Every structure is written in structure tokens, then in C-alpha cells.
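This report describes how the secondary-structure elements of one chain pack against each other. The sequence and model are shown first.

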Amino acid sequence: QIVIALIVTLTFAVAGFVVGGVTLSGAIAGFAVAFALYYCMGPGAFAVLLAVFGITWIATRFGKAHREKLGIFETRRGRDAGQVLANLGITAALAVAGMFVFQQLAWVAAVAALCEAAADTTSSECGEAWSDRAYLIVGFRRVPAGKDGAISLVGTIVAIAAAALVASVAALEGVLTLRLAVVAALAGFLGTL
């Protein structure tokens with residue numbers, strides 16, 4: 001099992017680097033996260049991580065031309081280790097913790113963190129690209145799209161969809177029951193807010 005986990009997650013990290021989703025440091029951090037999920041929670045959890053990567057990669061590129069026109073596209077090449085660990089480090093830690101204590105709770109929290117990572121990225125990427133109106137979440141004062149702390153209708157809708165999609169993969173892969181997947185999706189969306 002450890003050899004398969006190493007091969008699969010190393011291939012994933014290299015592929016993420018090749019398609020420009022992560023930098024070299026991001027690929028190394030991504031490998032560590034992917035390995036922790038695959039080894040501790042099983043291949044189903046790795047499938048959930050693949051869903052997060054696919055959803056966020058598509059969202060980042062889907063509105064690229066429009067965001068470039070607005071001058072808000074980030075030109076960096078993929079996510080670096082700090083960004084990968086900021087989004088997924090807690091997921092890896094929860095996967096490892098679940099091997100020793102409170103497995104079900106740890107796994108729900110790990111999937112919720114994955115839901116939040118997908119929801120957060122898609123909401124900001126799509127909200128910036130397609131929203132004319134954004135409002136600060138505190139006070140609801142209108143601000144330009146892309147402002148820290150701002151939310152939009154488009155961004156909120158895609159955040160809900162992303163969290164639901166990630167949680168659905170967790171349920172389909174048998175990582176969580178449907179009821180717990182709904183809990184993870186809701187927690188991930190609320191975490192995004």
C-alpha cells in the first residue's frame with residue numbers, strides 16, 4: 001500500500017507541476033499532502049483531492065482573459081508551498097490524526113477543509129472575473145471585485161457548487177456517508193465565508 005501511495009501521489013505532484021498548477025515547492029508540498037491523504041484515508045480521499053485540484057485549476061483558468069482585462073489576474077506560475085500548505089496542510093494533519101484518534105470526526109473535518117479550499121478559490125477566481133458588484137461581508141458596503149473581504153452573488157454560488165461537488169466525491173468514493181458529506185460541504189462553505 002505504501003508503494004502504491006508513493007507512486008500515485010508522486011505522479012500527481014509531477015503532473016500538477018507540469019500543467020502549471022503548482023511551482024516546484026508547491027509540488028513537493030502537494031506530494032506530502034496527497035501522500036498523507038492517500039495513505040491515511042485511502043484512495044477515495046485522494047480522489048477528493050483530485051477533485052479539488054481539478055475544480056480550482058479550471059476556475060483559475062476559466063476567467064483568466066477577463067481578469068487580465070481588468071488587471072486583476074495574478075501572473076505567478078502556480079501555487080507555491082506556502083499556498084498549498086495554507087490551503088491543505090490542515091487536511092493532511094487531520095488525515096494523520098484520524099489514524100490515531102476520532103477517525104470519523106477527523107475525516108469529516110479533513111473533507112470540510114478540502115471543501116473550503118475549493119470553495120474559497122473558485123469564489124474568488126470566478127467572483128473577480130464575472131461580478132460587477134461585490135460587497136464587503138461586514139457592513140455590505142459596495143467595493144470593487146477582488147477586494148479582500150468582498151463577496152459577490154456569482155462568487156457565492158460557485159463556492160456553494162464547489163463545496164457540494166467536493167463533498168459529493170467524498171460520498172461517492174465512500175470516504176464519508178452522504179449525511180456526513182453534507183455536513184462537510186456546509187462547514188466548508190461556512191469556512192469560506
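The model is predicted: local features need pLDDT of at least 70, side-chain atom pairs count only at pLDDT 80 or more, and totals for chains, interfaces and linings use all residues. Residues are numbered from 1 along each chain as its sequence is written, and side-chain values use heavy atoms, with hydrogens and water left out.

**Helix packing**

Helices (H or I, at least four residues) and strands (E, at least two) are DSSP runs numbered from the N terminus. Axes are lines fitted to C-alpha atoms, for helices over the stretch in contact, and angles run from 0 to 180 degrees between N-to-C directions.

| Helix pair | Angle | Axis separation |
|---|---|---|
| α1 (2–18) and α2 (24–41) | roughly 150° | within 8 Å |
| α3 (43–62) and α7 (153–172) | about 155° | 8 Å |
| α6 (103–130) and α8 (178–192) | about 45° | 7 Å |

Angles under 35 degrees count as roughly parallel, over 145 as roughly antiparallel, 65 to 115 as roughly perpendicular and the rest as oblique. A crossing is right-handed if the near helix is turned clockwise from the far one by less than a right angle, and left-handed if anticlockwise. Contact means heavy atoms within 4.5 Å. Ala, Val, Leu, Ile, Met, Phe, Trp, Tyr, Cys and Pro count as nonpolar, Asp, Glu, Lys and Arg as charged, and the others, Gly among them, as polar.

Helix α1 passes α2 in a right-handed crossing. On the α1 side the contact includes I2, L6, F12 and F17, which meet residues of α2 including L24, F31 and Y38. This contact has 16 nonpolar residues, one polar and no charged ones.

With the angle given above, α3 and α7 are therefore roughly antiparallel to each other, and the crossing of α3 past α7 is right-handed. A47, V48, A51, V52 and I55 of α3 touch A162, L165, V166, V169 and A170 of α7. By class, these are 10 nonpolar, no polar and no charged residues.

Helices α6 and α8 are therefore oblique to each other; α6 passes α8 in a right-handed crossing. Among the residues in contact are E116 and D120 of α6 and G188 and G191 of α8. The contact of α6 with α8 divides into 10 nonpolar, five polar and two charged residues.

**Aromatic pair**

Rings of Phe, Tyr and Trp (its six-membered ring) pair if their centres lie within 6.5 Å; planes under 30 degrees apart count as stacked, over 60 as edge-to-face and the rest as tilted. The structure holds five aromatic pairs. One of them, F12 with F53, is edge-to-face, at 5.5 Å centre to centre and 80° between the planes. F12 lies in α1 and F53 in α3, so the pair ties together parts that are 41 residues apart in sequence.

**Sheet**

Three strands form an open antiparallel sheet in the order β2-β1-β3; two strands pair if DSSP finds at least two bridges between them. The edge strands, β2 (142–143) and β3 (150–151), each pair on one side only. Strand β1 (residues 134–136) pairs with β3 over two bridges, and L136 has A150 in β3 as its bridge partner.
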